[in-house]
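Colleague: I would like to go through this model feature by feature. Please give the general idea before each case.
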Amino acid sequence: MRVIFAGTPEFARVALERLHAAGFEIPLVLTQPDRPAGRGMKLQASPVKQWAAGAHIPVAQPRSLRLDGKFPDDAASAREAILAAKADVMVVAAYGLILPQWVLDTPRLGCLNIHASLLPRWRGAAPIHRAIEAGDAETGITIMQMDAGLDTGDMLLVDRLPITAQDTTASLHDRLAELGGRLVVEALELAACGGLTATPQPAEGVTYAHKIEKHEAMADWTQGAAVLERRIRAFNPFPGAAGVLAGQTLKFWRADILAGAARPADAEAGQVLAAGAQGIDIATVDDVLRVSRLQKAGGKALDAADFLRGFDVRPGMVFSQAPADQQE
């Protein structure tokens with residue numbers, strides 16, 4: 001089976017590598033254009049492009065696939081490459097471009113998407129983050145037949161994973177990437193012998209995983225401790241949950257709810273109750289959150305004991321609700 005692969009980040013790279021290892025012929029890879037990254041803001045190829053180049057697979061990087069859009073020349077060139085590939089199917093994983101109908105219709109078996117949720121829950125851009133943030137007990141991978149809607153196509157294969165109390169977006173991403181790579185290989189092997197069965201998504205239970213915005217990172221201490229703890233895990237590694245103390249923005253990388261901890265009735269939301277080697281204890285609206293791994297601007301992420309050697313935190317100090325650059 002000839003497979004065009006379209007994807008951009010590490011999640012997609014894992015699937016591409018698994019397809020290649022399983023022996024599928026991959027005549028063409030589509031990925032996003034190189035982007036500035038790092039402190040020097042030098043152009044950097046996507047993980048998918050880097051892997052494909054190492055495997056000597058042709059790569060196309062159109063800015064758009066819309067023939068009547070802003071970059072018609074890019075789209076026309078990509079169309080020629082897609083037609084020339086004579087693919088049986090296109091596999092799509094976190095590609096980042098909308099596929100017009102002409103793309104969906106070109107491969108004999110259409111386009112299959114590797115989506116990191118149990119559809120129809122968490123359609124959209126950030127399903128891993130939102131599942132953790134919402135406190136879901138499980139998630140998984142759905143291999144979906146793509147159509148013109150946003151993650152609305154028929155389900156072809158589904159597999160589940162538990163979300164543990166320690167999972168961050170980074171750790172869950174890695175497990176889901178491995179599962180996605182395994183499941184898409186299974187889906188194509190079934191497709192090759194006509195064994196794939198399409199199931200329409202249920203009409204009930206639809207939720208949307210909206211893109212993570214940087215402004216969401218700022219901790220709102222008037223929320224419950226459980227909500228804040230989940231958000232710290234959901235926003236690890238991006239954008240990193242944060243709070244402002246003594247005029248400086250601090251990022252939080254690990255936290256726990258102090259079960260049964262005595263929260264003073266007169267404590268202000270965001271008030272530091274204690275600071276020591278085990279962590280910084282902060283009052284929320286309903287409980288106490290102990291932050292045990294932190295990072296200040298320009299610094300490294302450190303466990304609390306090391307962090308407190310270089311940043312003075314005392315009981316009674318209060319985290320503000322506004323980013324440091326918005327304070328007077």
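Modeller: We take the cores, then the backbone exceptions.

This is a predicted model, in which local features need pLDDT of at least 70, side-chain atom pairs count only at pLDDT 80 or more, and totals for chains, interfaces and linings use all residues. Residues are numbered from 1 along each chain as its sequence is written, and side-chain values use heavy atoms, with hydrogens and water left out.

Colleague: Which residues have the most contacts inside the largest nonpolar core?

Modeller: In soluble globular proteins, nonpolar side chains tend to be buried together. A nonpolar core is a set of buried Ala, Val, Leu, Ile, Met, Phe, Trp, Tyr and Cys residues joined through side-chain atoms within 4.5 Å; buried means under 20% relative accessible area, exposed over 50%, partly exposed in between (1.4 Å probe, protein chains only). Here the largest core has 65 residues, and Phe5, Leu19, Ile114, Ile141, Ile143 and Phe252 have the most contacts inside it. Helix H6 (residues 169-192) contributes the most, 9 residues. Helices (H or I, at least four residues) and strands (E, at least two) are DSSP runs, numbered from the N terminus. Another core, apart from that one, has 23 residues, including Ile4 and Met155.

Colleague: Where is the peptide bond cis, with omega near 0 degrees?

Modeller: Most residues other than glycine have a negative phi, and most peptide bonds are trans. The bond from phenylalanine 238 to proline 239 is the case you ask about; proline 239 sits in the loop between helix H7 (225-234) and strand S12 (241-245).

Colleague: Is aspartate 151, with its positive phi, buried or exposed?

Modeller: Aspartate 151, whose phi is about 55 degrees, is buried, at 13% relative accessible area.
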